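Please look over the sequence and the structure shown below before reading on. The report that follows goes through a few places in the chain one after another.

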Amino acid sequence: MRLTAMTQITVDGVVQGNGGASEEDRRAGFDRGGWALGKGDDGTHALIKQTYQRADAFLFGRRTYELFAGSWGSWTDADVPGWEPVRRALNARPKYVASTTLTDPGWPGTTVLRGDLAAAVADLKAKPGGELQVHGSGALIRWLLANDLVDELTLIVIPVVLGQGARLFPDAGPDLALDLVDSRTDSKGVTIQVYQPAGRPQYPAA
């Protein structure tokens, strides 16, 4: 399976609290949750739904897993009009969560990955199938990129600057070259950028 990652992100790189202002979203004093609600046009929404539908399995970090389990894992189709394909995919496909603290996942179809995470993810990628998808899970995406485990990264860039919140990439970290393989802008100003990791950047000689 190819490991693909998709996340909503602000212009200043924030990924925290895109969907609401839950207590989890307010960690570290964050109070600007819900910045992605209502953003994106029908074409962007269709892209997101199609992405979930083609997943063979999902991989989450603990925080995102718990948020999804408490929402998508408990909602019915009637709770998410228009987004039924996402709910059905998430509940039907195998789910894996990277966590050293989660012991009793309540969402059916969940396996907790413990121990050597790099080896566990490599084993998942070696299974037959199309895509192992990561949604949200900023800390996990950073770790997967640093360990050369991501095959494709899709950033859904919301045209807003928050000035606070957890960012996808820290101020200091490993460097990474990216090849842009697709890019589009929707009618509401949301841009979708699809990248493939391309090793380390090349810097001019001193």
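## A threonine in helix α1

Does Thr51 count as buried or exposed? At 4% relative accessibility, Thr51 counts as buried, where buried means under 20% relative accessible area, exposed means over 50%, and partly exposed lies in between, with a 1.4 Å probe and protein chains only. This is a predicted model, in which local features need pLDDT of at least 70 and side-chain atom pairs count only at pLDDT 80 or more, while totals for chains, interfaces and linings use all residues. Residues are numbered from 1 along each chain as its sequence is written, and side-chain values use heavy atoms, with hydrogens and water left out.

Thr51 is found in helix α1; helices (H or I, at least four residues) and strands (E, at least two) are DSSP runs, numbered from the N terminus. A polar atom of the Thr51 side chain lies 2.8 Å from the backbone oxygen of Leu47, a polar contact being a pair of N or O atoms within 3.5 Å, where within protein one must be able to donate a hydrogen and the other to accept it, and where residues adjacent in sequence count only if both atoms are side-chain atoms. If residues up to four places away in sequence are not counted, Thr51 touches Met6, Gln133 and His135, contact meaning heavy atoms within 4.5 Å.

Asp41 lies in the loop between β1 (2–10) and α1 (42–53). Asp41 is buried yet has no salt bridge, and Lys188, the nearest side chain of opposite charge, is 7.6 Å away.

His45 lies in helix α1 and, at 22% relative accessibility, counts as partly exposed. The side chain of His45 reaches the backbone oxygen of Lys39 at 3.3 Å. Leaving aside neighbours within four places in sequence, His45 is in contact with Lys39, Gly40 and Trp83; from C-alpha to C-alpha, His45 and Trp83 are 8.8 Å apart in space and 38 residues apart in sequence.

## Two helices with a buried side

In helix α3 (residues 84–92), the residues Val86, Arg87, Ala89 and Leu90 are buried. Seen down the axis of α3, these buried residues fall within an arc of 165°, so they line one face of the helix; the arc is that of the directions from the helix axis to the C-beta atoms. An α-helix has 3.6 residues a turn, so residues three or four places apart point the same way. The buried residues of α3 pack against α1, β2 (57–61), α2 (62–70) and β3 (95–98).

In α5, the buried residues are Gly138, Leu140, Ile141, Leu144 and Leu145. They cover an arc of only 160° around the axis, which puts them on the same side of α5.

Val134 is found in strand β5 and, at 0% relative accessibility, counts as buried. Among the residues that Val134 touches, not counting those up to four places away in sequence, are Leu59, Leu140, Ile141 and Leu144. The C-alpha atoms of Val134 and Leu59 are separated by 5.1 Å, although these residues are 75 residues apart along the chain.

Ser137 lies in the loop between β5 (131–135) and α5 (138–146), and has a positive phi of about 55° although it is not a glycine. Asp148, in the loop between α5 and β6 (152–158), is not a glycine either and has a positive phi of about 55°. Ser137 counts as buried at 5% relative accessibility, whereas Asp148 counts as exposed at 65%.

## Strand β8 and its partners

Of the 7 residues of strand β8 (residues 191–197), 5 are buried, so the strand is largely enclosed by the rest of the structure. Strand β8 pairs with β6 in the antiparallel sense over 5 bridges, two strands being paired if DSSP finds at least two bridges between them. In this arrangement Thr191 of β8 is the bridge partner of Val157.

Strand β7 (residues 178–185) is joined to β8 by 7 bridges, and the two run antiparallel, with Gln196 of β8 as the bridge partner of Asp179. β7 and β8 form a hairpin with 5 residues between them, and Gly189 in the turn has a positive phi of about 85°.

Conventions:
Lys, Arg positive; Asp, Glu negative; His and termini not counted. Salt bridge = Lys/Arg side-chain N within 4 Å of Asp/Glu carboxyl O.
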